[in-house]
Amino acid sequence: MTISRRALLAAAAAAGGGLLTACGSNTGRGDGGGSGPALSHWYHQYGEAGTEQAVKRYAAAYTKARVTVQWRPGNYDQQTAAALLTDSGPDVFEVNGPSLDQIQGGQVVDLTGLLDGVEDDYNPVVLTPKRHDGKIWAIPQVIDMQMLYYRKSLLRDAGVEPPTTLDALVDAAKKLTTRKVKGLFLGNDGGAGVLGGTPLYAAGLRLVTDEGTVGFDDPAAARTLGKLHRLHADKSLLLGAPADWSDPSAFIQGLTAMQWTGLWALPQVQKELGDDFGVLPFPADGSTGRPAVPVGAYGAAVSARSRHVDAAEEYVKWLWVDRTDYQEDFALSYGFHIPARLSLAKKAAKLRTGAAADAVRFTTDHGWAQPLLWTPAAQTAYQDALSRIIKDGADPERELRTVVGKVSDELRRVQRKTT
Amino acid sequence: MSARTVEARTTAAAAAARQSPGARAVHRRRALWFWVFVGPFAAGLALFTYVPLLWSVWLSFFDAHNTVTPTHFVGLDNYTAMLSDDAFRDSLLTFALFTAFIVPATYVLSLALALMVNRVRRLRAFFRSVFFLPAACSYVVAALIWKMSIFNGVRFGLANTVLDFFGAEPVAWLSTTDPPWYWLVVVTVRLWLQAGFYMILFLAGLQRIDPVLYEAAAVDGARPGWQVLRHITLPQLRATSVAVVLLLVVNAFQAFDEFYNLLSDARGYPPYARPPLVYLYYTALGQGQNLGLGSAGAVILALIIGVVTVGQARWFGLGRRNADG
Amino acid sequence: MDDALVRAGRALRLVVLIVLAVLFLIPFYLLVRNGLSSEQDITSPEWTLFPSELHWDNVRELFEDPSVPFARSLLNSALIAVATTAGTVLLASLAGYGFARIPYRHADKVFYAVLGTLMVPAAVTFVPSFVLVSTLGWISTLRGLIVPTLFSAFACFVFRQYFLGFPRELEDAAQVDGLGPWRTYWYVVVPNARPVFAAVGTIVFIGAWNSFLWPLVIGQDQSAWTVQVALSSFTTAQVVRLHELFLAAAVSILPLLLVFLCFQRWIVAGVERSGID
């Protein structure tokens, strides 16, 4: 409890008297179990019921430190970024990164040693972006991935096959669009945000090459992105739904025949639609193309400003390396994620059949994760261009030329720091 | 400012005090009392506004990625980077246009409301309350209603239900760039939230107009309506109008909340209708922790707001003395 | 005939006002309508003005939601808003009086330094402010949530303008009676300046109740959430429950509407006499 009831009353009394300085500084950490140093562990707010209680239960079971869990709504990245600048930030925090600037700025601790002997058990596609300079900066927790959900019955009625090429997807979306139902939902912004680099990977390209240069300086990029504009021009895209792409509501409510959303939506879709749906990766485009699904993992990181770095590392190792039972529970009992550890993913019965099995296969075969060198500045430049291409019909070649220029500068900046 | 004469008097008194014999003791006593009254406030403002402000200015000369205690001095690099960033320039231009539109629109609507409410005989308090009530709403709540209920892009949004009634296709209000329907959403939410507050300012101004003026105008044969409005009411409301326009302009350039709540999503913000503050927010506060660049942009923005405000004040013939002081 | 014209004009004005009033009230209605509907009624393809039935259960559900301490957040907001209002009004009114009445040589300079801060958008000093508060060790404390927000240049400005127009005779009389500035202020000025206190107080209260970013970042534990933070937790979850969101929003503005309606008369009076213009 951060603000105790007593402090509340004291403050109320003080406020009544017009004095405001009476409330004590009670940071009140350590209502978890165990003894030893007090650690604070931050999570972003998960939507699935029970997740919060679960992580609090894990923390309470740890005996070597008193761990307090903080459950943070709102813009989590912004909150952690601000908190890491100070001494009152978290000791341990989950992060959709860490970002290269956070690593280079010395804000997070090297966790390579924690994975001694088990490194190979972590899915390489999500472990790679946590690696920099040969060190590992966060322990992947669970894998999240996104894919295309489609309503079997609606496709059948319209005489449309599940699309396996981008052209087929564009055509299918057009055919499935009626006055009340749209063909495809890629988010309320028309897809620029959620698709990100996925169409580039589907065209056989990538965001950043292994050499650290721009990976989409290629005519194929403009060709593929240009096709996305057709979705918009045909009015096949659902726009302005009350819930965005991350929520399957639009799909379940029948506002759209196909929706791009996360694996986490699977249980809800299954519950509402039964068998009347299927899943697909983002379809390939062009002769060198291949299907693509974006994957990512929140990782557990330790703040370099923590007063108990060693204790924090030990706790992270306990929870996210040693306690495989908790890791399995966290991945599969509440939402629906793929465990980051290959051995757990293989064991999971829930992931062996139906759409879940497809999702696991897509992840292994077609998964791409955002490279560490792809910084927020690069992302903003690319996403702005993609939005203009999709919605305004801007010339993809010209837009991409600008982006390639900006991203090259940014890549040079971050790599200069490395050496 | 109606306060000008009084202000002048105070300063004159101060000047007189300076010259009179034994002025020193008087001075000291006054200074003491002044700081007794103003001191706590000024100290707090210095600590919680000026310190962060100067800190921001200082940051703007450094390469400050993910740090507030940078060591790498870069001179004016952040400023040149910001000024040559077309996304930032775009946002400044967009917001100049937005200001040019929203200021007159809010002005006209709130003045019209005030004139009507002022003249209505029955239910006056009722109407005043209704128009004023939205001012109590937070931007978060207003954005929620606008985005999810009135102007959502699907068939069950209120606006689309109305369109459907007339047989028109549903419109994705916030996502359509051609025509830019999102402006309709942004402008209406701002009008709804703000008009009532400025209406109250105008109502207060109207109350202060001497009825004799209207009687005289009637004797002179001015027809009620436009002529009276133009020759009596508006000139008498000049002071209020100036204050309202100043407040509106400052508010328009500082636009953040409703834009952020209406248009941002988990993945960022679309490249249109992006106010400078929202752009800076993403540069400096989101995952892009480029605090030096963000601070440089903030300084540029604050300078623009300052220049516009002071320029406007001069244009209206206000604060001439202020500018000297 | 002129008479008829005037009457027609009057009727037209009334009609226009009624139409506008309805338009201004629709958003409030939608909040309540959606808040008390079932999820199906909100998203039904055949949208109707009235939901098929009212779900009062939603209210209980909202307050018993295990993942969001909604009642607690209302209490926190009330406490913070009251404390912020009291503190802001106290500090700003003292300063405003000092600026208006005490002929100090550098008063103008100090005053422009205060006014200048109105032009600086709060968002741009956000990170340094946060770091500063954290350096003071005030993260997750009531102090951190309240104290840094107490120094409102706007409130100070309004008070100054009001006191400039305050009749000097009262203070002169008090001085003749031998009261110093301090006691003059408390015994003569304050009791006669209630409207402006009510007006500024209401505006500050609304701002404090509605503020979001600061409480979100400073109040780091669920037990310190304000109602705006709780509200945002309904929208940032991966799955949005519309009826809960709308109902929470409706409940969150209810206290404000009450405060507003009660104090409206004072606000108007305060504005009229303060010469905000």
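The legends below walk through several close-up views of this predicted model.

**View 1. Chain B is built from helices.** Let us start with one chain as a whole: chain B has 15 helices and zero strands. Of its 325 residues, 43% count as buried. Take the contacts in chain B between residues at least 6 apart in sequence: 60% of them join residues at least 24 apart.

**View 2. Chain B meets chain C.** Here 81 residues of chain B are in contact with 78 residues of chain C. On the side of chain B that touches chain C, helix H2(B) gives the most, with 20 residues. Sorted by class, that side of chain B has 59 nonpolar, 18 polar and four charged residues.

**View 3. Helix H2 of chain B crosses helix H4 of chain C.** Now zoom in on two helices, H2 (residues 23–59) of chain B and H4 (residues 70–101) of chain C, whose axes come within 8 Å and cross at roughly 130 degrees. An angle of this kind makes H2(B) oblique to H4(C). The crossing of H2(B) past H4(C) is left-handed. On the H2(B) side, look for B:Phe34, B:Phe37, B:Val38, B:Pro40, B:Phe41, B:Ala42 and B:Gly44. Their partners in H4(C) are C:Leu91, C:Ala92, C:Leu94, C:Ala95, C:Tyr97, C:Gly98 and C:Phe99. By class, this contact of H2(B) with H4(C) has 12 nonpolar, two polar and no charged residues.

**View 4. Two stretches of chain C carry a transmembrane annotation.** An unreviewed UniProt entry lists several "transmembrane region" stretches in chain C, including residues 78–99 and 185–209. In the model, residues 78–99 of chain C are 100% helix and 0% strand, and the C-alpha atoms at the ends are 31 Å apart. Residues 185–209 of chain C are 84% helix and 0% strand, with end C-alpha atoms 29 Å apart.

**View 5. C:Ala224 sits in a loop of chain C.** This loop runs between helix H12 (213–218) and helix H13 (227–236) of chain C. Is C:Ala224 buried or exposed? C:Ala224 is buried, because 26 other C-beta atoms lie within 10 Å.

**View 6. Chain A meets chain B.** In this contact, 28 residues come from chain B and 32 residues from chain A. The side of chain B that touches chain A divides into 12 nonpolar, 12 polar and four charged residues.

**View 7. Helices H10 and H17 of chain A pack at an angle.** With axes 7 Å apart, helix H10 (residues 219–233) and helix H17 (residues 376–392) of chain A pack at about 45 degrees. That makes H10(A) oblique to H17(A). From H10(A), A:Leu225, A:Gly226, A:Leu228, A:His229 and A:His232 meet A:Leu386, A:Ile389, A:Ile390 and A:Lys391 of H17(A). By class, the contact of H10(A) with H17(A) has five nonpolar, three polar and one charged residues.

Methods:
Residues are numbered from 1 along each chain as its sequence is written. Chains are lettered from A and ligands numbered from 1 in the order in which they are written. This is a predicted model: local features need pLDDT of at least 70, side-chain atom pairs count only at pLDDT 80 or more; totals for chains, interfaces and linings use all residues. Axes are lines fitted to C-alpha atoms, for helices over the stretch in contact, and angles run from 0 to 180 degrees between N-to-C directions. Helices (H or I, at least four residues) and strands (E, at least two) are DSSP runs, numbered from the N terminus. Angles under 35 degrees count as roughly parallel, over 145 as roughly antiparallel, 65 to 115 as roughly perpendicular and the rest as oblique. A crossing is left-handed if the near helix is turned anticlockwise from the far one by less than a right angle, and right-handed if clockwise. Two residues are in contact if their C-beta atoms, placed from the backbone, lie within 7 Å. Ala, Val, Leu, Ile, Met, Phe, Trp, Tyr, Cys and Pro count as nonpolar, Asp, Glu, Lys and Arg as charged, and the others, Gly among them, as polar. UniProt positions are given in the numbering used here, feature names are shortened, and annotations may be inferred rather than shown by experiment. A residue is buried if 20 or more other C-beta atoms lie within 10 Å of its own, exposed if 12 or fewer, and partly exposed in between; C-beta atoms are placed from the backbone.
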